[in-house]
Amino acid sequence: MDNSVSSQDSIVSVRNLSFSRGNKKIFDDISLDFQRGKITAIMGPSGTGKTTLLKLIGGQLFPENGSITVDGEDVHKLRRTELYELRKRLGMLFQSGALLTDMNVFDNVAFPLREHTHLPESMIRSLVLMKLQAVGLRGARTLMPNELSGGMARRVALARAIALDPMMILYDEPFTGQDPISMGVLVHLIKSLNNILGLTSIIVSHDVHDTSAIADYIYVLSGGKIVGQGTPQEIQQSDSEWVQQFMTGAADGPVHFHYPAKDYVDDLMSTGKRY
Amino acid sequence: MQHTSTQDTLVGLFVASGIVGLLFLAMQVSNLSSFIDEDSYTITARFENSGALKVKSQVSAAGVKIGQVVGINLDPKTYESVVQMSIYSKFNTLPDDTTASIFTAGLLGEQYVNLEPGGSDIYLQKGGKIEITQSAIILEKALGQFLFKSAEEKK
Amino acid sequence: MIQIIQNLGKSTRTSFTKLGRATYFLFQTISGTFGILLRPRLLLNQLYSVGVLSFLIITISGLFVGMVLGLQGYYTLSDFGAEETLGVMVAASLVRELGPVVSALLFAGRAGSALTAEIGLMKATEQLSGMEMMAVDPIKRIITPRFLAGLISMPLLAGLFSAVGIVGGQIIGSGLLGVDQGVYWSQMQASIDFHDDIINGVIKSIVFGFVASWIALFEGYDAIPTSEGVSRATTRTVVNSAFSILGLDFILTALMFGDN
């Protein structure tokens, strides 16, 4: 474990985590730390369980081994009500936005406030408009989720995630499938929310360029292991072949272009089999 | 959620119409109304044989329904059928020499109790007894008698 | 051969674990009841989408079923010169059997499949997960009000179905075919018993509403969160609901009307 991150000021610490789905090992004894007030990115190719890690941190999945501590509390030893109390202090931005489709933008952002507080409707209105203003969608409050573009839906979801003023936001692939402009908007939002509101952010992404632009610290995962970690500069200059392939997007390298198969010539020559 | 009030109205209408439907079944379709509406008093009659008479069979006088059977029991000593009938209170002028007969409505219809008022000035009270009764006609018996008689006549 | 036995064992195991999940799901759903009673707005919204939107199909079907019963019953009964018992026949078959059963089948097709698709899509689009991460229990917030709405709507819909059907039978019987209107009603009232027929019919419809809502919501909640998974779950809802309703109807009928 790299000692450049001390666990005292880390808001989330993952220790010796193992998790598998079926026979596939998603995480194999990994340990990570996320510092308070910083933007930490978890990167890696698709299918390495980055989203799974967020669900483990949020207590939606249970690990086979190891522990996850969030703000001093072991997530998987909490009772249900305590876990729900903890989740009120977390915001999560899902890849799809996960907006409630039967409510308009305003009601979506108001949803956590109405569920968890007994504020009068006038105050909820002001709060919702403030959050929507922060993501620049105050004018879109009467639209329904199916009328929003992907980037707008994510911004509404972001407004909803900060509705209860959480201490930390988990972003699940915030940049995937965005056009350059909405990508730029999201990058700017994540950065400025983190600085202005004093949040801690965890970003799960495979988008190398934009993520390294805002992250303070990066973990690179592959095959259930941490293959690289450090500040964006350190990662760029990493001497690991694997990390280099991932950062530059080379087609072949330690991660092979070909799915494992038997010898090509042999395969072509063997006749009489259907597959 | 802009259309909250119309939605409320429709839900209200739906629930109301559902309740109206159930009330309609209870009051108009079933025999519940005959329990609720009318005060009644009970009288008994003893029959040699009450045939296929059942609880809730109709009790009528001159073809008009005036009550219903509420109990049928066997007297363990006399082996007679004791039929309790509940008569609506508005028909409280049945003379005490009324005749009770068990008739069948049509060839295949249900059996019912028919009361034939007599000429007495004393009326039946709550718990009163009808003395003169005529048993149910049992089809097999009647047929048997008829066949027996016609056989004798031929001799 | 061994393969067949293995498959049998496997499907037994999966169906038992599914039954276990469904039971746990039901308990969680019911445990949310109190919370919903404090927020009647949630229930009201669901009564709209479960009850009001099924209203039309139920009443129209009820009317036609009653009219068909009137026609068929008249032709059959008039062979025996017993047309005056048409009212009894129409009412008894509707109140005891057709009302609860047919309206429950229609309910499973109309409201049940919609519920499964809705919950399944909410799962597929991470709305349920998202709610969990917002510290809102999706079962209590989403499932329980829908379940209660189904439970409340079903007896009302079945009652409507029977009532409309009896009127439909009367329209055909005395309006078209010449059974005396008074006889239609009076024979009916003399034969249909409030407790044995009406109450038992209502009990049946409550049981069917319970089962149909439970199946629909569980299939949605348990669906594989892809579009294919949701469409399969919707089909399963209709098939499983129909089987359960008809099977339970047999059992309930045997229990209720067996000792007559």
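Helices here are DSSP runs of H or I of at least four residues, strands are runs of E of at least two, and both are numbered from the N terminus. With that in hand, chain C reads α-α-α-α-α-α-α-α-α along its sequence. That is nine helices and zero strands. Along the principal axes, the C-alpha atoms of chain C fill a box of roughly 65 × 55 × 35 Å.

Some housekeeping. This is a predicted model, where local features need pLDDT of at least 70 and side-chain atom pairs count only at pLDDT 80 or more, while totals for chains, interfaces and linings use all residues. Residues are numbered from 1 along each chain as its sequence is written, chains are lettered from A and ligands numbered from 1 in the order in which they are written, and side-chain values use heavy atoms, with hydrogens and water left out.

Now the interface of chain C with chain B. Taking contact as heavy atoms within 4.5 Å, 28 residues of chain C touch 22 residues of chain B. The two chains bury about 2300 Å² between them, and 73% of that is on carbon and sulfur atoms. Buried area is the accessible area, with a 1.4 Å probe, that two parts lose on being put together, summed over both.

Between chain C and chain B the count is one salt bridge, meaning a side-chain nitrogen of Lys or Arg within 4 Å of a carboxyl oxygen of Asp or Glu. The pair is B:Asp8 and C:Arg41, with the closest N and O atoms 3.2 Å apart.

Where on chain C does this side come from? Helix 3 (40-79), helix 4 (86-124), helix 6 (138-176), helix 7 (181-191) and helix 8 (194-221) each supply at least two residues. Helix 6 of chain C gives the largest share, ten residues. By class, the side of chain C that touches chain B has 20 nonpolar, six polar and two charged residues. Here Ala, Val, Leu, Ile, Met, Phe, Trp, Tyr, Cys and Pro count as nonpolar, Asp, Glu, Lys and Arg as charged, and the others, Gly among them, as polar.

Last, a packing inside chain C. Helix 1 (residues 2-31) and helix 8 pack at an angle of about 110°, with their axes 10 Å apart. Axes are lines fitted to C-alpha atoms, for helices over the stretch in contact, and angles run from 0 to 180 degrees between N-to-C directions. The two helices are therefore roughly perpendicular, a label for 65 to 115 degrees; under 35 is roughly parallel, over 145 roughly antiparallel, and the rest oblique. Residues in this contact include C:Phe25 from helix 1 and C:Trp214 from helix 8.
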